[in-house]
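Hi,

Here is the structure I promised to pass on. Have a look at it first, and then read my notes below.

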Amino acid sequence: MTLSFDPNSISLPMGHFIGGRLVPAEAVIDMNRPSDGKAYAGCPLADAALVDQAVETAREALDRSNWGGARPRERTKALQRWADLIEAEAETLARLEALSSTRPVGHLVAGDIAVTAEQIRFFAEFADKEGGDLVPTDDANFGMIVTEPYGVVGAITPWNFPLSMAGWKLAPALAAGNAVVLKPSEMTPFSTLYLAELSVRAGLPAGLVNVVLGDGPITGTAITGHPGISKVSFTGSTTAGAAIMANIARTGVKPMTLELGGKSPQLVFADADLDLAAGAISASILSNAGQACVCGSRLIVEAKVADALVAALVARLAAIRPGPTWEETTDYSPVISERQIARMDGIIRAAIDNGAECLTGGGQLDREGYFYAPTLISGVTATSPAVLEEIFGPVLTIQTFEDEEEALGLADHPSYGLAAGLFTRDLSRAIRLTRRLQAGTVWVNRYGRSRDHILPTGGYKQSGIGKDLGREAYHANRKSKSVLISL
């Protein structure tokens, strides 16, 4: 298949998706394409009244369809049909996503879209295989723990992986018997709208999947504080996550899953396969131009092999092929916005002003769009802004160590604990350090997720609350009830 396309020829689904149809809306938030910086569309802004409409529609769809109370296998079959249709419509989804996002179209069909379909199938199988328990009691009683769907789940997803993140939220919530009101990022809404349309075409009851567009302060606040929303799931920055927690506390108590920021270390010991490590570390910082919460943005390397590893990284970072996301051959992404370019550049300048050295990169690429050169910074200290702050871009800091304890001390971030990488041939060291690293996910001799959806993701410290993916995500979308029957 040929995926490259003319960005000006794409027909965009405009409006909010409520009750199985697009609801027309006026565009109020200007949108610019990251690949060329050009204005091309506007995003509608849902107010509290429209969020009310979406929540009521979701509730009515649950009652009308008995989605959470019917035979669980029927949920499984409907979700599997949806996954099949996602794969069949992969080219359309890829073009819609590539147009507005930082995801190159050539990465999407076999990557994000295929993985999203797999995730939906994975969670679909939980519907009739995970349930309650009989529990031991005395002979005069009969004890059970039963689980039930929450009802309407409110979900908010970020701009960096629009379809993947929508799948993370929708698949477990729907498999568990809930309806969803989802707000995608106002910068990348179009593929999520089409994904919702496909759910109805696949046979999911209209109104189970509702997508309202808008920003965080207005639309997001209306969702997270809505009394008809029984559970909230959010992926995004730690700052936004804290605001969501505060809004929920102000408006009522409800469970939440928050997958937040990270500043993940990658520890490389002298006995590691340096070529393997260089490949994994460079892929982490180059993939989506480092715009991923789990990005391994802090290299912590044993001093005796630091020069060799850095030289290998410089060579790999120099081999990028930047280009617009609508060209199939592009393998290096733009940054999402001009504002993010300025923020990232400010952190790098501050680090240099504090004594750090920029080994390569450190500036915007001389081309159309929001492209930033892959950047390596050495000579940083634990208090450097480049080490402390989540940059969310293609920037890797370098620190060296002499022994394990120093390595662990450097790896332990004061705020974040989302993920960590560890490169060593010593199995005992790998097991020992895996136990001590303060991170919700540790990868050994690799960096990045696989397609093993059974492995949950979520962080320690300010990197989040709860888990996405895995059976944990399914159970997080059901509430438990204890039942004791006297015989």
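How are α5 and α6 oriented to each other: parallel, perpendicular or oblique? They are oblique, because angles under 35 degrees count as roughly parallel, over 145 as roughly antiparallel, 65 to 115 as roughly perpendicular and the rest as oblique. The axes of α5 (residues 162-175) and α6 (residues 190-201) cross at roughly 45° and come within 9 Å. Helices here are DSSP runs (H or I, at least four residues; strands are E, at least two), numbered from the N terminus. Axes are lines fitted to C-alpha atoms, for helices over the stretch in contact, with angles from 0 to 180 degrees between N-to-C directions.

On the α5 side, Pro162, Leu163, Ala166 and Leu170 make the contact (heavy atoms within 4.5 Å), and Ser191, Thr192 and Leu195 do so on α6. By class, that contact has five nonpolar, two polar and no charged residues.

A quick word on the model: it is predicted, local features need pLDDT of at least 70, side-chain atom pairs count only at pLDDT 80 or more, and totals for chains, interfaces and linings use all residues. Residues are numbered from 1 along each chain as its sequence is written, and side-chain values use heavy atoms, leaving out hydrogens and water.

Zooming out, the chain is divided into domain 1 (16-260 + 463-486) and domain 2 (265-444), with bounds from an automatic or database domain assignment. Their centres, taken over C-alpha atoms, are 31 Å apart. Domain 1 gives 27 residues to the contact and domain 2 gives 25 residues.

Cheers

Key
Nonpolar A, V, L, I, M, F, W, Y, C, P; charged D, E, K, R; others polar.
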